[in-house]
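Here's a quick briefing on charged side chains: who pairs with whom, and where like charges gather. Have a look at the structure first, then read on.

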Amino acid sequence: MRNKELEKNLRNAISGCKPDNIDGILRQCDKQEGDIVNMKNKSKTLLRAACCVAAALVLIAACIFGAGYYRSNQVSTVIGLDVNPSIELKINDNGKVVEAAALNADAEKILDGLELRGTDTNTALHAVIGAMVREGYLNQLANSVLVTVDGKNAQELEKQLMQQINELLDKSISSGAVIGQELIADDRAQQLAQKHGISVGKAQLILQITDKNPLLMADDLAALSINELTVLLSSGKVDDSEINTSGQVSMQAYIGAEKALAAALAHAVVEPLSTSDIEVELDFRYGVIVYEVEFKAVNMEYEYVINAVTGEILSDKQKVEDGDDLVSAPAFNAQTARDIALKHAGLTAESITDLDIELEKKNGLDIFEVEFKAGGMEYDYDINAQTGEIILWHSKADDDREQPVVPETVSVTAEEARAAALNHAGLDASEVSDYRSKLDYDDARAVYEIEFVSGGYEYDYEIDAQTGKVASFDKEYHEGEYGNAAAAAITPEEAKATAFADAMLTSGQISDYESELDYQRGRMVYEIEFKSGGKEYEYVIDAQTGAVISGEVEADD
(Lines give C-alpha, C1' and ligand atoms only; values in the text may rest on other atoms or scores of the structure.)
Protein backbone atom coordinates (compact mmCIF):
# COMPACT_ATOMS: atom_id res chain seq x y z
CA MET A 1 0.00 0.00 0.00
CA ARG A 2 1.34 3.47 -0.89
CA ASN A 3 2.28 5.99 1.85
CA LYS A 4 -0.57 8.36 1.06
CA GLU A 5 -3.13 5.53 1.22
CA LEU A 6 -1.65 4.35 4.53
CA GLU A 7 -1.77 7.88 5.93
CA LYS A 8 -5.39 8.21 4.84
CA ASN A 9 -6.36 4.94 6.50
CA LEU A 10 -4.59 5.91 9.70
CA ARG A 11 -6.26 9.31 9.68
CA ASN A 12 -9.67 7.73 9.22
CA ALA A 13 -9.02 5.21 11.97
CA ILE A 14 -7.85 7.85 14.43
CA SER A 15 -10.81 10.09 13.63
CA GLY A 16 -13.03 7.25 14.83
CA CYS A 17 -11.54 7.31 18.36
CA LYS A 18 -13.57 8.97 21.16
CA PRO A 19 -13.46 11.46 22.61
CA ASP A 20 -12.74 13.66 19.58
CA ASN A 21 -11.27 16.64 21.62
CA ILE A 22 -8.03 17.73 19.93
CA ASP A 23 -8.92 21.45 20.17
CA GLY A 24 -9.67 21.13 23.88
CA ILE A 25 -6.35 19.45 24.53
CA LEU A 26 -4.47 22.23 22.69
CA ARG A 27 -6.25 24.88 24.72
CA GLN A 28 -5.22 23.11 27.91
CA CYS A 29 -1.61 23.15 26.71
CA ASP A 30 -1.76 26.94 26.15
CA LYS A 31 -3.30 27.46 29.54
CA GLN A 32 -0.52 25.57 31.34
CA GLU A 33 2.33 27.56 29.72
CA GLY A 34 4.51 29.31 32.43
CA ASP A 35 2.70 27.71 35.34
CA ILE A 36 4.19 25.42 37.92
CA VAL A 37 2.97 21.95 37.19
CA ASN A 38 2.20 19.45 39.92
CA MET A 39 4.23 16.34 38.95
CA LYS A 40 1.68 14.05 40.54
CA ASN A 41 -1.10 15.50 38.36
CA LYS A 42 1.27 15.56 35.40
CA SER A 43 1.88 11.84 35.79
CA LYS A 44 -1.85 11.23 35.63
CA THR A 45 -2.12 13.41 32.54
CA LEU A 46 0.71 11.55 30.82
CA LEU A 47 -0.92 8.23 31.72
CA ARG A 48 -4.20 9.32 30.22
CA ALA A 49 -2.44 10.49 27.06
CA ALA A 50 -0.59 7.21 26.77
CA CYS A 51 -3.84 5.28 27.15
CA CYS A 52 -5.46 7.37 24.44
CA VAL A 53 -2.55 6.73 22.05
CA ALA A 54 -2.66 3.01 22.85
CA ALA A 55 -6.42 2.90 22.24
CA ALA A 56 -5.94 4.69 18.93
CA LEU A 57 -3.31 2.17 17.86
CA VAL A 58 -5.59 -0.73 18.82
CA LEU A 59 -8.42 0.81 16.85
CA ILE A 60 -6.18 1.33 13.82
CA ALA A 61 -5.08 -2.30 13.98
CA ALA A 62 -8.68 -3.46 14.37
CA CYS A 63 -9.82 -1.43 11.38
CA ILE A 64 -6.99 -2.75 9.22
CA PHE A 65 -7.65 -6.32 10.37
CA GLY A 66 -11.41 -5.93 9.87
CA ALA A 67 -10.98 -4.67 6.34
CA GLY A 68 -8.68 -7.60 5.53
CA TYR A 69 -11.05 -10.08 7.18
CA TYR A 70 -13.99 -8.73 5.17
CA ARG A 71 -12.07 -8.97 1.91
CA SER A 72 -10.90 -12.52 2.66
CA ASN A 73 -14.45 -13.71 3.39
CA GLN A 74 -16.27 -11.87 0.63
CA VAL A 75 -17.38 -14.39 -2.07
CA SER A 76 -16.80 -13.16 -5.60
CA THR A 77 -17.10 -16.47 -7.52
CA VAL A 78 -18.90 -19.78 -7.02
CA ILE A 79 -17.61 -22.90 -8.76
CA GLY A 80 -19.95 -25.89 -9.04
CA LEU A 81 -18.47 -29.38 -9.57
CA ASP A 82 -20.93 -32.17 -10.48
CA VAL A 83 -20.22 -35.85 -11.07
CA ASN A 84 -22.72 -37.55 -8.90
CA PRO A 85 -21.35 -35.78 -5.87
CA SER A 86 -22.29 -32.10 -6.20
CA ILE A 87 -19.92 -29.60 -4.56
CA GLU A 88 -19.75 -25.81 -4.50
CA LEU A 89 -16.49 -23.93 -3.93
CA LYS A 90 -17.00 -20.32 -2.87
CA ILE A 91 -13.96 -18.20 -3.82
CA ASN A 92 -12.87 -14.69 -2.80
CA ASP A 93 -11.09 -12.02 -4.87
CA ASN A 94 -7.69 -13.46 -3.95
CA GLY A 95 -8.59 -16.87 -5.41
CA LYS A 96 -8.89 -18.46 -1.95
CA VAL A 97 -11.63 -20.84 -0.83
CA VAL A 98 -14.04 -19.19 1.61
CA GLU A 99 -16.31 -22.25 1.88
CA ALA A 100 -16.65 -25.73 0.38
CA ALA A 101 -20.33 -26.79 0.44
CA ALA A 102 -21.71 -30.32 -0.04
CA LEU A 103 -24.99 -30.31 -1.98
CA ASN A 104 -25.82 -34.01 -1.52
CA ALA A 105 -24.87 -37.04 0.57
CA ASP A 106 -22.18 -38.20 -1.87
CA ALA A 107 -20.56 -34.78 -1.68
CA GLU A 108 -20.46 -34.96 2.13
CA LYS A 109 -18.45 -38.17 1.80
CA ILE A 110 -16.00 -36.42 -0.54
CA LEU A 111 -15.49 -33.37 1.68
CA ASP A 112 -15.14 -35.37 4.90
CA GLY A 113 -11.58 -34.79 6.13
CA LEU A 114 -10.71 -32.18 3.49
CA GLU A 115 -9.68 -28.80 4.93
CA LEU A 116 -10.18 -26.53 1.92
CA ARG A 117 -10.88 -23.16 3.59
CA GLY A 118 -8.08 -20.73 2.82
CA THR A 119 -6.53 -22.87 0.08
CA ASP A 120 -6.14 -21.54 -3.43
CA THR A 121 -8.56 -22.64 -6.19
CA ASN A 122 -6.05 -24.91 -7.91
CA THR A 123 -5.23 -26.79 -4.70
CA ALA A 124 -8.90 -27.22 -3.84
CA LEU A 125 -9.65 -28.49 -7.35
CA HIS A 126 -6.86 -31.09 -7.09
CA ALA A 127 -8.15 -32.21 -3.69
CA VAL A 128 -11.79 -32.60 -4.77
CA ILE A 129 -11.09 -34.38 -8.08
CA GLY A 130 -8.55 -36.63 -6.34
CA ALA A 131 -11.10 -37.58 -3.66
CA MET A 132 -13.71 -38.40 -6.32
CA VAL A 133 -11.23 -40.69 -8.05
CA ARG A 134 -10.27 -42.41 -4.77
CA GLU A 135 -13.92 -42.96 -3.83
CA GLY A 136 -14.74 -44.42 -7.26
CA TYR A 137 -17.07 -41.69 -8.50
CA LEU A 138 -14.63 -41.00 -11.34
CA ASN A 139 -13.11 -43.99 -13.11
CA GLN A 140 -12.60 -45.48 -16.56
CA LEU A 141 -16.32 -46.37 -16.81
CA ALA A 142 -17.60 -42.94 -15.72
CA ASN A 143 -15.18 -40.11 -16.45
CA SER A 144 -17.30 -36.97 -16.85
CA VAL A 145 -17.37 -33.75 -14.82
CA LEU A 146 -19.69 -30.74 -15.10
CA VAL A 147 -18.15 -27.43 -14.01
CA THR A 148 -20.44 -24.42 -13.55
CA VAL A 149 -19.06 -20.93 -12.86
CA ASP A 150 -20.98 -17.99 -11.42
CA GLY A 151 -19.24 -14.67 -10.78
CA LYS A 152 -16.36 -12.51 -12.01
CA ASN A 153 -14.64 -13.45 -15.27
CA ALA A 154 -16.83 -16.55 -15.47
CA GLN A 155 -16.06 -17.45 -19.09
CA GLU A 156 -12.31 -17.14 -18.69
CA LEU A 157 -12.33 -19.11 -15.43
CA GLU A 158 -14.55 -21.76 -17.00
CA LYS A 159 -11.97 -22.42 -19.73
CA GLN A 160 -9.13 -22.59 -17.20
CA LEU A 161 -11.01 -25.03 -14.96
CA MET A 162 -12.01 -27.27 -17.89
CA GLN A 163 -8.37 -27.52 -18.96
CA GLN A 164 -7.16 -28.22 -15.42
CA ILE A 165 -9.80 -30.92 -14.83
CA ASN A 166 -9.01 -32.61 -18.15
CA GLU A 167 -5.32 -32.70 -17.20
CA LEU A 168 -6.14 -34.18 -13.79
CA LEU A 169 -8.38 -36.86 -15.32
CA ASP A 170 -5.78 -37.73 -17.96
CA LYS A 171 -3.21 -38.33 -15.23
CA SER A 172 -5.47 -40.26 -12.84
CA ILE A 173 -7.86 -42.34 -15.02
CA SER A 174 -6.27 -42.04 -18.50
CA SER A 175 -8.98 -39.79 -19.98
CA GLY A 176 -11.93 -37.61 -19.11
CA ALA A 177 -14.77 -35.51 -20.46
CA VAL A 178 -15.62 -32.07 -19.10
CA ILE A 179 -18.70 -29.93 -19.69
CA GLY A 180 -18.33 -26.24 -18.86
CA GLN A 181 -21.01 -23.62 -18.46
CA GLU A 182 -21.65 -20.19 -17.01
CA LEU A 183 -24.59 -20.10 -14.61
CA ILE A 184 -27.57 -18.25 -16.04
CA ALA A 185 -30.41 -16.92 -13.90
CA ASP A 186 -33.35 -19.21 -14.79
CA ASP A 187 -36.43 -19.87 -12.66
CA ARG A 188 -36.99 -23.19 -14.44
CA ALA A 189 -33.56 -24.44 -13.36
CA GLN A 190 -34.17 -23.32 -9.79
CA GLN A 191 -37.53 -25.13 -9.69
CA LEU A 192 -36.12 -28.32 -11.23
CA ALA A 193 -33.19 -28.31 -8.79
CA GLN A 194 -35.47 -27.92 -5.78
CA LYS A 195 -37.90 -30.58 -7.03
CA HIS A 196 -35.24 -33.27 -7.45
CA GLY A 197 -32.59 -32.20 -4.94
CA ILE A 198 -29.89 -31.54 -7.55
CA SER A 199 -27.58 -28.60 -8.15
CA VAL A 200 -28.80 -25.65 -10.18
CA GLY A 201 -25.88 -26.23 -12.57
CA LYS A 202 -27.02 -29.78 -13.30
CA ALA A 203 -30.61 -28.59 -13.69
CA GLN A 204 -29.45 -25.95 -16.18
CA LEU A 205 -27.64 -28.60 -18.26
CA ILE A 206 -30.70 -30.89 -18.24
CA LEU A 207 -32.94 -28.09 -19.51
CA GLN A 208 -30.48 -27.36 -22.31
CA ILE A 209 -30.73 -31.01 -23.34
CA THR A 210 -34.53 -31.23 -23.18
CA ASP A 211 -34.90 -27.94 -25.06
CA LYS A 212 -32.96 -29.54 -27.92
CA ASN A 213 -34.76 -32.92 -27.86
CA PRO A 214 -38.54 -32.77 -27.21
CA LEU A 215 -38.73 -36.53 -26.55
CA LEU A 216 -36.55 -36.26 -23.45
CA MET A 217 -38.13 -35.27 -20.13
CA ALA A 218 -36.36 -33.20 -17.48
CA ASP A 219 -37.94 -35.16 -14.61
CA ASP A 220 -36.42 -38.40 -15.95
CA LEU A 221 -32.98 -36.95 -16.70
CA ALA A 222 -32.65 -35.59 -13.15
CA ALA A 223 -31.88 -39.12 -11.93
CA LEU A 224 -28.96 -39.60 -14.35
CA SER A 225 -25.30 -39.10 -13.52
CA ILE A 226 -23.23 -36.48 -15.32
CA ASN A 227 -21.55 -39.25 -17.30
CA GLU A 228 -24.94 -40.49 -18.58
CA LEU A 229 -25.93 -36.95 -19.53
CA THR A 230 -22.62 -36.57 -21.36
CA VAL A 231 -23.31 -39.82 -23.23
CA LEU A 232 -26.64 -38.37 -24.37
CA LEU A 233 -24.87 -35.24 -25.59
CA SER A 234 -22.48 -37.39 -27.63
CA SER A 235 -25.24 -39.60 -29.08
CA GLY A 236 -26.31 -37.22 -31.82
CA LYS A 237 -29.83 -37.08 -30.37
CA VAL A 238 -29.07 -33.65 -28.90
CA ASP A 239 -27.64 -30.57 -30.62
CA ASP A 240 -24.62 -29.80 -28.41
CA SER A 241 -23.23 -26.97 -30.54
CA GLU A 242 -24.03 -24.42 -27.81
CA ILE A 243 -22.63 -26.54 -24.96
CA ASN A 244 -18.90 -26.36 -24.14
CA THR A 245 -17.39 -29.84 -23.97
CA SER A 246 -13.86 -31.20 -24.02
CA GLY A 247 -12.30 -34.64 -23.84
CA GLN A 248 -13.93 -37.97 -24.64
CA VAL A 249 -16.75 -39.54 -22.62
CA SER A 250 -16.24 -43.17 -21.60
CA MET A 251 -18.44 -45.77 -23.32
CA GLN A 252 -16.87 -48.79 -21.64
CA ALA A 253 -19.96 -49.40 -19.49
CA TYR A 254 -22.10 -50.11 -22.57
CA ILE A 255 -22.33 -53.23 -24.76
CA GLY A 256 -21.70 -51.31 -27.99
CA ALA A 257 -23.64 -50.87 -31.23
CA GLU A 258 -22.45 -54.16 -32.77
CA LYS A 259 -23.70 -56.31 -29.89
CA ALA A 260 -26.98 -54.40 -29.78
CA LEU A 261 -27.53 -55.06 -33.49
CA ALA A 262 -26.60 -58.72 -33.09
CA ALA A 263 -29.15 -59.10 -30.26
CA ALA A 264 -31.89 -57.54 -32.39
CA LEU A 265 -31.11 -59.71 -35.44
CA ALA A 266 -31.06 -62.86 -33.31
CA HIS A 267 -34.44 -62.01 -31.79
CA ALA A 268 -35.95 -61.26 -35.22
CA VAL A 269 -34.39 -64.45 -36.67
CA VAL A 270 -32.99 -62.42 -39.54
CA GLU A 271 -29.68 -63.03 -41.29
CA PRO A 272 -27.37 -59.97 -41.35
CA LEU A 273 -26.87 -60.26 -45.13
CA SER A 274 -30.61 -59.94 -45.77
CA THR A 275 -30.94 -56.61 -43.94
CA SER A 276 -30.80 -53.03 -45.20
CA ASP A 277 -31.12 -49.48 -43.85
CA ILE A 278 -29.52 -50.43 -40.53
CA GLU A 279 -29.48 -47.69 -37.86
CA VAL A 280 -28.15 -48.04 -34.31
CA GLU A 281 -28.30 -45.01 -32.03
CA LEU A 282 -27.91 -44.29 -28.34
CA ASP A 283 -30.93 -42.79 -26.63
CA PHE A 284 -32.75 -42.57 -23.29
CA ARG A 285 -35.89 -44.69 -22.83
CA TYR A 286 -37.62 -46.43 -19.92
CA GLY A 287 -35.39 -44.54 -17.48
CA VAL A 288 -32.10 -45.95 -18.84
CA ILE A 289 -29.59 -45.39 -21.63
CA VAL A 290 -30.57 -47.61 -24.58
CA TYR A 291 -29.62 -48.54 -28.11
CA GLU A 292 -32.36 -47.94 -30.68
CA VAL A 293 -31.88 -50.48 -33.46
CA GLU A 294 -33.78 -50.23 -36.76
CA PHE A 295 -33.43 -52.24 -39.96
CA LYS A 296 -35.41 -53.61 -42.89
CA ALA A 297 -35.60 -57.18 -44.14
CA VAL A 298 -37.97 -59.00 -46.54
CA ASN A 299 -40.47 -56.15 -46.89
CA MET A 300 -40.56 -55.69 -43.09
CA GLU A 301 -39.39 -52.90 -40.81
CA TYR A 302 -37.95 -53.81 -37.40
CA GLU A 303 -37.51 -51.51 -34.42
CA TYR A 304 -35.78 -52.57 -31.19
CA VAL A 305 -34.98 -50.82 -27.92
CA ILE A 306 -32.11 -52.53 -26.07
CA ASN A 307 -30.68 -51.75 -22.63
CA ALA A 308 -27.23 -50.30 -23.37
CA VAL A 309 -25.70 -51.81 -20.22
CA THR A 310 -27.30 -55.27 -19.92
CA GLY A 311 -28.27 -55.99 -23.53
CA GLU A 312 -31.86 -56.77 -22.49
CA ILE A 313 -34.48 -56.24 -25.20
CA LEU A 314 -36.90 -53.70 -23.73
CA SER A 315 -39.26 -53.50 -26.70
CA ASP A 316 -39.56 -54.75 -30.26
CA LYS A 317 -41.85 -53.86 -33.13
CA GLN A 318 -42.27 -55.26 -36.61
CA LYS A 319 -44.46 -53.86 -39.34
CA VAL A 320 -44.88 -54.03 -43.06
CA GLU A 321 -42.62 -51.55 -44.77
CA ASP A 322 -44.64 -48.43 -45.58
CA GLY A 323 -42.08 -45.90 -46.72
CA ASP A 324 -40.51 -43.02 -44.88
CA ASP A 325 -42.91 -40.47 -43.38
CA LEU A 326 -40.96 -37.54 -42.01
CA VAL A 327 -42.16 -36.12 -38.70
CA SER A 328 -42.21 -32.34 -38.33
CA ALA A 329 -40.81 -30.63 -35.25
CA PRO A 330 -43.50 -30.89 -32.54
CA ALA A 331 -45.02 -27.79 -30.95
CA PHE A 332 -44.25 -29.10 -27.44
CA ASN A 333 -42.11 -31.77 -25.80
CA ALA A 334 -42.71 -35.30 -24.52
CA GLN A 335 -43.14 -34.17 -20.93
CA THR A 336 -46.06 -31.97 -21.98
CA ALA A 337 -47.57 -34.89 -23.94
CA ARG A 338 -47.24 -37.06 -20.85
CA ASP A 339 -48.94 -34.42 -18.70
CA ILE A 340 -51.84 -34.15 -21.19
CA ALA A 341 -52.42 -37.91 -21.01
CA LEU A 342 -52.07 -38.02 -17.22
CA LYS A 343 -54.55 -35.18 -16.75
CA HIS A 344 -57.05 -36.95 -18.97
CA ALA A 345 -56.55 -40.24 -17.10
CA GLY A 346 -56.75 -38.51 -13.71
CA LEU A 347 -53.31 -39.77 -12.68
CA THR A 348 -50.04 -38.30 -11.43
CA ALA A 349 -46.50 -38.91 -12.67
CA GLU A 350 -45.65 -40.66 -9.40
CA SER A 351 -48.50 -43.18 -9.78
CA ILE A 352 -47.50 -44.64 -13.16
CA THR A 353 -44.87 -47.13 -14.38
CA ASP A 354 -43.49 -48.34 -17.71
CA LEU A 355 -43.85 -44.92 -19.36
CA ASP A 356 -42.96 -44.92 -23.06
CA ILE A 357 -43.33 -42.01 -25.47
CA GLU A 358 -42.66 -42.02 -29.21
CA LEU A 359 -43.04 -39.38 -31.91
CA GLU A 360 -44.42 -40.83 -35.15
CA LYS A 361 -46.29 -39.98 -38.31
CA LYS A 362 -49.76 -41.58 -38.43
CA ASN A 363 -52.19 -41.03 -41.28
CA GLY A 364 -50.51 -37.75 -42.12
CA LEU A 365 -50.44 -36.45 -38.54
CA ASP A 366 -47.50 -35.96 -36.20
CA ILE A 367 -48.41 -38.01 -33.14
CA PHE A 368 -47.00 -38.49 -29.65
CA GLU A 369 -47.72 -42.10 -28.68
CA VAL A 370 -47.90 -42.21 -24.88
CA GLU A 371 -48.10 -45.54 -23.04
CA PHE A 372 -47.99 -46.28 -19.31
CA LYS A 373 -49.39 -48.52 -16.58
CA ALA A 374 -51.17 -47.67 -13.34
CA GLY A 375 -53.46 -49.47 -10.91
CA GLY A 376 -53.53 -52.72 -12.87
CA MET A 377 -54.37 -50.92 -16.12
CA GLU A 378 -52.52 -50.23 -19.36
CA TYR A 379 -53.09 -46.82 -20.99
CA ASP A 380 -52.42 -45.87 -24.63
CA TYR A 381 -52.79 -42.33 -25.97
CA ASP A 382 -52.30 -40.75 -29.40
CA ILE A 383 -51.80 -36.98 -28.99
CA ASN A 384 -51.51 -34.53 -31.87
CA ALA A 385 -47.93 -33.21 -31.59
CA GLN A 386 -48.88 -29.85 -33.09
CA THR A 387 -52.15 -29.04 -31.29
CA GLY A 388 -52.10 -31.19 -28.12
CA GLU A 389 -55.47 -32.73 -29.03
CA ILE A 390 -56.07 -36.28 -27.79
CA ILE A 391 -56.92 -38.11 -31.01
CA LEU A 392 -57.40 -41.60 -29.62
CA TRP A 393 -57.05 -43.24 -26.24
CA HIS A 394 -57.47 -46.74 -24.90
CA SER A 395 -57.27 -48.40 -21.51
CA LYS A 396 -57.35 -52.10 -20.66
CA ALA A 397 -56.46 -54.48 -17.88
CA ASP A 398 -52.73 -55.03 -17.49
CA ASP A 399 -52.00 -58.49 -18.91
CA ASP A 400 -49.06 -58.91 -16.53
CA ARG A 401 -51.13 -58.65 -13.36
CA GLU A 402 -52.56 -61.61 -11.52
CA GLN A 403 -56.08 -62.41 -12.80
CA PRO A 404 -58.87 -62.24 -10.21
CA VAL A 405 -61.19 -65.11 -9.38
CA VAL A 406 -64.61 -65.04 -11.06
CA PRO A 407 -67.15 -63.79 -8.50
CA GLU A 408 -70.33 -65.79 -7.95
CA THR A 409 -72.39 -62.61 -7.71
CA VAL A 410 -71.96 -59.01 -8.81
CA SER A 411 -71.98 -56.00 -6.51
CA VAL A 412 -72.73 -53.31 -9.10
CA THR A 413 -76.07 -52.88 -10.82
CA ALA A 414 -76.49 -52.15 -14.51
CA GLU A 415 -77.63 -48.60 -13.68
CA GLU A 416 -74.55 -48.02 -11.51
CA ALA A 417 -72.32 -49.29 -14.30
CA ARG A 418 -74.07 -46.96 -16.75
CA ALA A 419 -73.53 -44.01 -14.41
CA ALA A 420 -69.83 -44.90 -14.06
CA ALA A 421 -69.33 -44.99 -17.84
CA LEU A 422 -71.18 -41.71 -18.46
CA ASN A 423 -69.33 -40.00 -15.61
CA HIS A 424 -65.98 -41.11 -17.04
CA ALA A 425 -66.97 -39.84 -20.50
CA GLY A 426 -68.15 -36.54 -19.00
CA LEU A 427 -71.60 -36.96 -20.53
CA ASP A 428 -75.20 -36.83 -19.38
CA ALA A 429 -77.68 -39.60 -20.24
CA SER A 430 -79.59 -37.15 -22.44
CA GLU A 431 -76.51 -36.63 -24.63
CA VAL A 432 -76.08 -40.27 -25.72
CA SER A 433 -77.85 -42.57 -28.16
CA ASP A 434 -77.69 -46.21 -29.24
CA TYR A 435 -76.98 -47.21 -25.66
CA ARG A 436 -76.27 -50.95 -25.15
CA SER A 437 -75.18 -52.87 -22.07
CA LYS A 438 -74.66 -56.50 -21.09
CA LEU A 439 -73.08 -58.44 -18.24
CA ASP A 440 -70.23 -60.69 -19.41
CA TYR A 441 -66.97 -62.22 -18.29
CA ASP A 442 -63.59 -61.04 -19.53
CA ASP A 443 -60.37 -62.73 -18.40
CA ALA A 444 -62.16 -64.45 -15.49
CA ARG A 445 -63.74 -61.19 -14.36
CA ALA A 446 -67.37 -60.10 -14.39
CA VAL A 447 -67.81 -56.87 -16.37
CA TYR A 448 -70.54 -54.76 -17.89
CA GLU A 449 -69.88 -54.22 -21.60
CA ILE A 450 -71.36 -50.82 -22.46
CA GLU A 451 -71.55 -49.06 -25.83
CA PHE A 452 -73.12 -45.74 -26.81
CA VAL A 453 -72.80 -42.87 -29.28
CA SER A 454 -72.40 -39.14 -28.59
CA GLY A 455 -71.10 -36.11 -30.47
CA GLY A 456 -69.98 -38.09 -33.49
CA TYR A 457 -68.02 -40.59 -31.41
CA GLU A 458 -68.67 -44.19 -30.42
CA TYR A 459 -67.78 -45.12 -26.84
CA ASP A 460 -66.96 -48.64 -25.69
CA TYR A 461 -66.62 -49.39 -21.96
CA GLU A 462 -66.00 -52.32 -19.66
CA ILE A 463 -67.10 -51.64 -16.07
CA ASP A 464 -65.91 -54.00 -13.31
CA ALA A 465 -69.07 -55.59 -11.91
CA GLN A 466 -67.51 -55.96 -8.45
CA THR A 467 -65.94 -52.53 -7.93
CA GLY A 468 -67.77 -50.28 -10.40
CA LYS A 469 -64.44 -49.02 -11.76
CA VAL A 470 -63.67 -48.55 -15.45
CA ALA A 471 -61.80 -51.67 -16.56
CA SER A 472 -61.26 -50.46 -20.13
CA PHE A 473 -62.56 -47.87 -22.53
CA ASP A 474 -62.21 -46.83 -26.15
CA LYS A 475 -63.42 -43.93 -28.25
CA GLU A 476 -63.45 -43.59 -32.03
CA TYR A 477 -65.25 -41.75 -34.79
CA HIS A 478 -68.78 -43.05 -35.34
CA GLU A 479 -69.90 -44.09 -38.78
CA GLY A 480 -73.09 -42.03 -38.47
CA GLU A 481 -71.04 -38.84 -38.17
CA TYR A 482 -70.21 -39.06 -41.85
CA GLY A 483 -73.38 -40.74 -43.05
CA ASN A 484 -73.59 -43.87 -45.19
CA ALA A 485 -73.23 -42.12 -48.54
CA ALA A 486 -69.54 -42.92 -48.72
CA ALA A 487 -70.09 -46.60 -49.45
CA ALA A 488 -67.02 -48.79 -49.76
CA ALA A 489 -65.56 -48.70 -53.26
CA ILE A 490 -63.80 -52.06 -52.91
CA THR A 491 -65.23 -55.36 -51.70
CA PRO A 492 -64.11 -57.31 -48.64
CA GLU A 493 -62.53 -59.89 -50.97
CA GLU A 494 -60.51 -57.20 -52.73
CA ALA A 495 -59.32 -55.84 -49.39
CA LYS A 496 -58.41 -59.38 -48.32
CA ALA A 497 -56.41 -59.94 -51.51
CA THR A 498 -54.55 -56.65 -50.96
CA ALA A 499 -53.54 -57.62 -47.42
CA PHE A 500 -52.40 -61.13 -48.46
CA ALA A 501 -50.36 -59.72 -51.36
CA ASP A 502 -48.67 -57.18 -49.08
CA ALA A 503 -47.82 -59.94 -46.58
CA MET A 504 -46.60 -62.18 -49.45
CA LEU A 505 -48.93 -64.98 -48.34
CA THR A 506 -51.64 -67.12 -49.93
CA SER A 507 -55.04 -68.14 -48.59
CA GLY A 508 -53.75 -71.65 -47.90
CA GLN A 509 -51.20 -70.23 -45.42
CA ILE A 510 -53.76 -68.22 -43.42
CA SER A 511 -55.76 -69.03 -40.29
CA ASP A 512 -58.10 -67.10 -37.94
CA TYR A 513 -59.02 -64.57 -40.61
CA GLU A 514 -61.21 -61.62 -39.49
CA SER A 515 -62.38 -58.57 -41.43
CA GLU A 516 -64.52 -55.59 -40.40
CA LEU A 517 -65.63 -52.43 -42.19
CA ASP A 518 -65.11 -49.46 -39.88
CA TYR A 519 -64.30 -45.75 -39.72
CA GLN A 520 -60.95 -44.34 -38.61
CA ARG A 521 -60.35 -40.59 -38.40
CA GLY A 522 -63.17 -39.88 -40.81
CA ARG A 523 -62.18 -42.52 -43.35
CA MET A 524 -63.92 -45.81 -44.19
CA VAL A 525 -61.49 -48.72 -43.83
CA TYR A 526 -61.30 -52.49 -43.69
CA GLU A 527 -59.71 -53.75 -40.47
CA ILE A 528 -58.20 -57.14 -41.25
CA GLU A 529 -56.53 -59.64 -38.90
CA PHE A 530 -55.10 -63.11 -39.55
CA LYS A 531 -52.37 -65.53 -38.49
CA SER A 532 -49.65 -67.36 -40.40
CA GLY A 533 -46.34 -69.05 -39.55
CA GLY A 534 -46.48 -68.25 -35.84
CA LYS A 535 -47.18 -64.57 -36.41
CA GLU A 536 -50.22 -62.30 -36.12
CA TYR A 537 -50.96 -59.79 -38.90
CA GLU A 538 -53.09 -56.65 -38.64
CA TYR A 539 -53.97 -54.50 -41.66
CA VAL A 540 -55.96 -51.36 -42.25
CA ILE A 541 -57.05 -51.03 -45.90
CA ASP A 542 -58.64 -47.86 -47.31
CA ALA A 543 -62.15 -48.89 -48.40
CA GLN A 544 -62.22 -46.22 -51.11
CA THR A 545 -58.80 -46.55 -52.73
CA GLY A 546 -57.67 -50.03 -51.66
CA ALA A 547 -54.38 -48.59 -50.35
CA VAL A 548 -52.65 -50.16 -47.35
CA ILE A 549 -52.92 -47.56 -44.59
CA SER A 550 -51.01 -49.60 -42.03
CA GLY A 551 -49.74 -53.12 -41.51
CA GLU A 552 -48.29 -54.67 -38.39
CA VAL A 553 -46.99 -58.12 -37.55
CA GLU A 554 -45.93 -59.59 -34.23
CA ALA A 555 -45.22 -62.97 -32.70
CA ASP A 556 -48.36 -65.03 -32.04
CA ASP A 557 -48.75 -65.26 -28.26
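Let's start with glutamate 514, which sits in strand E19. Keep in mind that this is a predicted model. Glutamate 514 is one of the residues in a patch of negative charge on the surface, and the rest of the briefing moves from that patch to the salt bridges.

**The negative patch**
- Along with Glu514, the patch on the surface takes in Asp316, Glu516, Glu529, Glu538, Glu552 and Glu554.
- Which strands each supply at least two residues of the negative patch? They are strand E19 (511–520) and strand E22 (548–555).

- You'll find 20 salt bridges in the structure.
- As a general point, oppositely charged side chains can pair when their charged atoms come close.

**Lysine 212 and glutamate 242**
- These two side chains form a salt bridge, with 3.7 Å from N to O.
- Lysine 212 belongs to helix H8 (residues 200–212), while glutamate 242 is in the loop between helix H10 (226–234) and strand E6 (244–247), so the bridge ties together parts 30 residues apart in sequence.
- Is glutamate 242 buried or exposed? Glutamate 242 is exposed, at 59% relative accessible area, whereas lysine 212 counts as partly exposed at 33%.

**Glutamate 369 and lysine 317**
- Here the side chains meet in a salt bridge at 3.8 Å, N to O.
- Glutamate 369 comes from strand E12 (residues 365–374) and lysine 317 from strand E10 (residues 313–320), so this pair ties together parts that are 52 residues apart in sequence.
- Glutamate 369 is buried, with a relative accessible area of 11%, and lysine 317 is partly exposed at 32%.
- Both residues also belong to a network of salt bridges, where they are linked with Arg285, Glu292, Asp356 and Glu358.

**Lysine 361 and aspartate 366**
- What is the N to O distance in the salt bridge between lysine 361 and aspartate 366? That distance is 2.8 Å.
- Aspartate 366 has a relative accessible area of 7% and is buried.

Technical notes: Residues are numbered from 1 along each chain as its sequence is written. This is a predicted model: local features need pLDDT of at least 70, side-chain atom pairs count only at pLDDT 80 or more; totals for chains, interfaces and linings use all residues. Side-chain values use heavy atoms; hydrogens and water are left out. A salt bridge is a side-chain nitrogen of Lys or Arg within 4 Å of a carboxyl oxygen of Asp or Glu. Helices (H or I, at least four residues) and strands (E, at least two) are DSSP runs, numbered from the N terminus. Buried means under 20% relative accessible area, exposed over 50%, partly exposed in between (1.4 Å probe, protein chains only). Patches are made of residues with over 30% relative accessible area and no salt bridge: like charges are joined within 9 Å, nonpolar side chains (Val, Leu, Ile, Met, Phe, Trp, Tyr) within 5 Å. Accessible areas come from the Shrake-Rupley method with a 1.4 Å probe; for residues, only the protein chains shown count as cover. Lys and Arg count as positive and Asp and Glu as negative; His and the chain ends are not counted. The place of a charge is taken as NZ of Lys, CZ of Arg, CG of Asp or CD of Glu.
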